[in-house]
Amino acid sequence: MSAVNTTTVVTTKQAGALIASLPKVRFHLMGEPGVGKSSVLTYVTDQLPTHNGVYVDMSTVFEGDTLMPAMDHENKVVVSYPSSRFKLHGKDRPPVAIMLDELFKSRQQIINTVHPLLESSNPRLGDLFLTDKDIVFSTGNVTTDGVGDAIKSHSRNRIVPLLVRKPTNQEWLEWALPNDIAPVMLAFANARPDMFESYLDNPDTKNTYIFNPKVQQDGFFSPRSAEIASHILKVREVLDDEQLRAGLDGAIGRSASAELMAYVQLQDELPTWEAIVASPKTAPVPTKSGACSIVVYTSISRVDEKSMDSVMIYLSKFEPEWQAVFAKQLCLTPKKQMIAFKSKLFNSWLAMNQDVLG
């Protein structure tokens, strides 16, 4: 029996907050494939809007992509010019937040060139020194993922590893709703928390949907692959069933794809968005839980000021739990909050259902 993971973990948001508050510390984010480590740069720059975000995929960097020798003819010496991608040039440049993605998958020569950035005192890239406001952090995978991360001792002593956990399905939905994820994927994620489980929490897991380094997999469900599948779902109308299934198989694996296709078939049987908005009192109401979920998340994604009252009238025919999902997610989604609060019907619903929202 393998031991269950007991290491302290953080969410991507928590990691971003920690990095933003400690510019002198070199954090190294570790997490399984597709967990959302790359999104941490956005969380950092959201908290530090004066910073330029710099994303560097270190696994694709070659010699010359970081530093180039150049002649200083005035002083008759050779200096090192950093690549412009690091945004360290310019006399009055803004501070930077540099993310060295997949740093320790790079070749050692490449790691050596950026290694001075990991210093807490006088960090530099070539001959350019960073300021006290500049931030540098790196990412990689957990060693047990088996995808080639190897950190030497002298590097390990300069960084602070942070184990980034997978989001729960509800945490992922908070990100997905304002990021234009296909409604059917939102409904699927809401219904399937098991898709967001991690092998790190149970190394002996029998969950066939998720990443497992012990098993040969053609694909698996992760926050990243769910977003990829969403792009495929958005062009559903121009794909036949075989094309759609092949794309979803490749994106999230066959096990998850088979389950998701059932939601797609449900979606095809539901009233159209246009029918709901035009005739909210007469549009048919689904009875199956999965179908209700698709309608609710479609409504959350598509509702605007013109359709808000129609949607409230239509959803009033749903069970209270689905009305609560709709209301709660609108309140949690910045782009939808103002639309909701301008609606008299929505405010009346809130006044009568405070106990449902909790």
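# Structural report

A crossing of two helices is left-handed if the near helix is turned anticlockwise from the far one by less than a right angle, and right-handed if clockwise. The model described here is predicted, so that local features need pLDDT of at least 70 and side-chain atom pairs pLDDT 80 or more, whereas totals for chains, interfaces and linings use all residues. Residues are numbered from 1 along each chain as its sequence is written, and side-chain values use heavy atoms, with hydrogens and water left out.

## Overall organisation

Of the 358 residues in the chain, 49% are buried (under 20% relative accessible area with a 1.4 Å probe, protein chains only; exposed is over 50%, partly exposed in between). Contacts (heavy atoms within 4.5 Å) between residues at least 6 apart in sequence join residues at least 24 apart in 71% of cases.

F326 deserves a separate description. When neighbours within four places in sequence are set aside, F326 contacts V296, S299, I300, M308, V311, M312 and L315.

Helix α11 also holds S293. With a relative accessibility of 1%, S293 counts as buried. Beyond its neighbours within four places in sequence, the contacts of S293 are A187, N190 and W322.

## Helix pairs

The table gives the geometry of two helix pairs. Axes are lines fitted to C-alpha atoms, over the stretch in contact for helices, and angles run from 0 to 180 degrees between N-to-C directions.

| Helix pair | Axis approach | Crossing angle | Handedness |
|---|---|---|---|
| α7 (residues 223-234) and α8 (residues 241-252) | within 8 Å | roughly 170° | right-handed |
| α12 (residues 308-315) and α13 (residues 320-332) | within 10 Å | roughly 150° | left-handed |

Orientation is classed by angle: under 35 degrees is roughly parallel, over 145 roughly antiparallel, 65 to 115 roughly perpendicular, and the rest oblique. Helices α7 and α8 are therefore roughly antiparallel to each other. On the α7 side, S225, A226, I228, A229, I232 and L233 meet L244, G247, L248, A251 and I252 of α8. The contact of α7 with α8 comprises 9 nonpolar, 2 polar and no charged residues, where Ala, Val, Leu, Ile, Met, Phe, Trp, Tyr, Cys and Pro count as nonpolar, Asp, Glu, Lys and Arg as charged, and the others, Gly among them, as polar.

For the second pair, the axes of α12 and α13 cross at roughly 150°. That angle makes α12 roughly antiparallel to α13. Here M308, V311, M312 and L315 of α12 meet Q323, F326 and L330 of α13. By class, this contact has 6 nonpolar, 1 polar and no charged residues.

A278 is found in α10 (residues 273-278) and counts as exposed at 62% relative accessibility. The C-alpha atoms of A278 and V311 are 9.7 Å apart, while the two residues are 33 apart in sequence.

## Helix α2

In helix α2 (residues 40-47), the buried residues are V40, L41, Y43, V44 and T45. The elements against which the buried residues of α2 pack are α1 (12-21), β2 (27-30), β3 (52-57), β6, β9 (135-140) and α5.

## Backbone exceptions

Most residues other than glycine have a negative phi. E102, although not a glycine, has a positive phi of about 55°. E102 is located in the loop between β6 (96-101) and α3 (108-114), and is buried, with a relative accessible area of 17%.

D180 likewise has a positive phi, near 60°, in a residue other than glycine. The loop between α5 (169-176) and α6 (183-191) contains D180. At 54% relative accessibility, D180 counts as exposed.

Terms used: Helices (H or I, at least four residues) and strands (E, at least two) are DSSP runs, numbered from the N terminus.
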